[in-house]
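The sequence and the structure are shown first.

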Amino acid sequence: MIGAGRSSVPVPAGVHVRKLLTGAAVALSAAVPGALAAVGPGVQAGPSRSAEPELRAASAARALAAAPSAPRPQAPDLAALVRLKDVRRHLSAFQEIADYNGGNRAVGGPGFAVSVRYVVARLKKAGFKPKVQRFTFPYWRERSAPVLARVAPSKASYKVGTDFLTFAYSGTGAVTARVEAVDVPASGEGTSGCESGDFARFRKGSIALMQRGTCSFATKVAKARAAGAAAAVIYNKPGEKGPVNGTVQKLAPIPVVGPSYRVGTALAKAAKKGGLKLRVKTDAVHGKKSASNVIADTRRGRAGNVVLVGAHLDSVPAGPGINDNATGAAALLAVAQKIGKLDGKDLRNRVRFAWWGAEEEGLVGSAHYVKSLGAAGRRRIALALNFDMLGSPNGLRAVYDGDRSARAGAVPPAGSGAIEKTFRDYFAGRRLPVTQTPFTGRSDYGPFVAKGIPAGGIETGAEGVKTAAEAKAYGGKAGKAYDPCYHAKCDRMKNVDLKLLDTNVDAVAYVTQRFAASTLPVNGEARVLAVPAAPYLPEWQGPHLVR
């Protein structure tokens, strides 16, 4: 560990002895009283006050050399300084803020605004000069329940949430029309709706039925609209359970819904036979809202080699968001409050703490920040750490797969593997199991990875289901969601596994201190032009699928 095991070195007699007597006399008198008694006033033994200064200096130096040297204290350990009670105090505050402000801390509402003020106040008290970066973003919300129903040749109604979902940024409207299957059924993913030729015989005014796969939902909807579709129905691909929880990213001019694979394949078969009609109804409100990021830098450390540590501050409108993501926000705040206790050798690099706004709207705050940096500002970011959901009640300990050894997700920038190894080594030292998680675009590392900035972090799981092997390694219940209260009203203090959170907060503190001291294994401790390792094609944009 940086700074551990250092000790004082005795000063040889006759070397800079005049400086020793004038600059270190107080320390010497405390450690070796007899040494300075020989040169003190009114003492008869030893050289008198009228003796030559060189004789007095030599006497004192010999006494110092003979005295045992006290070892210098070890450098502070940030993981030991940050206590679980510090994090719990912040979690309680975020819970109270939500309870008194409509039950949530979602952007655009008072709960988020008060959360920002809380973080800023705590940072100022800790000696920081935080900046609040304000921005606007397009928002979208459903006003009433959507409808997906067969009206011919037979009738059937489909259940929202189980059979289908509305795409985020779907247009509003009510359409009853014939259905045309577009390049389906397809084996595997297929390219349904990805190519203009798929719509060569498409009749205007029809509902386009497509299968998820290959290209983005935005591309499928744009091509369907160009062909004259009145609505788009994009069903899930083989092997995927449930409806499509997707986004078209920008407001679409037509209604867009996403059925499950089971429902979609049944509709495709009926459409091929001819005469299938559907009713699709969506009702949403959209516009502009304001949100904020909170940014705070340590006063020490190189400004040209910044270690950025981030977590999103907002919740969804459905609940207070204590696991998602008050746990990450509170961990950062607790670490920031104690990082000033590190010495200069442990803060060679500047540490930048960031609390992102509008993550739940599609990583909007972090994307805005990365764009605002420009190329020169991005070159000064050595790496980005992200912490989102650190205490899932049925969770695991997932480290982002920086070396892409699992061959899943986006290709992370060079240096990300070193970040993964740093986390892995820390947990291995504590004999704690870890799991890999791919860079899929689900959290605020996304905009950094897209620009070629090395990234890493940990999470504990959301709506995914724990396997039997994971239950054996971590405890908990196999076959159940990692967080059964994900994006729900019940995501409160009781929804947090404090033991899991405690170990993860330790890792946040340890890795932050490690890279604050040196980013050598990540970037050679040099400013570099951030270049993506490969085209960034995430599967998710925050909480919604994009392809």
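Of the 547 residues in the chain, 51% are buried. The model is a predicted one. Its chain contains 16 helices and 18 strands. Among the contacts with a separation of 6 or more, 79% are between residues 24 or more positions apart.

The largest nonpolar core comprises 64 residues, and Phe94, Phe353, Trp355 and Phe423 have the most contacts inside it. Helix H10 gives the most to this core, contributing 10 residues. Another core, of 24 residues, lies apart from it and includes Phe199, Phe202, Val256 and Trp540.

When its neighbours within four places in sequence are left aside, Phe353 is in contact with Phe128, Val294, Ile295, Ala296, Thr298, Val309, Leu332, Val335, Ala336 and Ile339.

**Helix H10**

H10 covers residues 322–338 and has 17 residues. From its first C-alpha to its last it reaches 22 Å, which is close to the 24 Å expected at 1.5 Å a residue. Because 16 of the 17 residues of H10 are buried, the helix is largely enclosed by the rest of the structure.

One partner of H10 is helix H15, residues 498–517, whose axis crosses that of H10 at roughly 50°. The two helices are therefore oblique to each other. On the H10 side, the contact is made by Thr327, Ala331 and Val335; on the H15 side, by Leu501, Val505, Val508, Ala509 and Thr512. In general, an α-helix has 3.6 residues a turn, so residues three or four places apart point the same way.

**Helices H6 and H7**

Helix H6 (residues 84–99) packs against helix H7 (residues 110–125) at an angle of about 150°. That angle makes H6 roughly antiparallel to H7. From H6, the residues Arg89, His90, Ala93, Phe94 and Ile97 meet Gly111, Val114, Ser115, Tyr118, Val119 and Arg122 of H7.

| Helix pair | Axis separation | Angle | Crossing |
|---|---|---|---|
| H6 and H7 | 9 Å | about 150° | right-handed |
| H10 and H15 | within 10 Å | roughly 50° | right-handed |

Methods. Residues numbered from 1 in each chain as written. Predicted model: local features only at pLDDT ≥ 70, side-chain atom pairs only at ≥ 80, totals over all residues. Heavy atoms only, no water. Helix = DSSP H or I, 4+ residues; strand = E, 2+ residues; numbered from the N terminus. Expected span 1.5 Å × (residues − 1). Buried < 20%, exposed > 50% of the residue type's maximum accessible area, 1.4 Å probe, protein only. Core = buried A, V, L, I, M, F, W, Y, C linked by side-chain atoms within 4.5 Å. Contact = heavy atoms within 4.5 Å. Axes fitted to C-alpha atoms, helices over the stretch in contact; angles between N-to-C directions. Parallel < 35°, antiparallel > 145°, perpendicular 65-115°, else oblique. Left-handed = near helix turned anticlockwise from the far one by under 90°.
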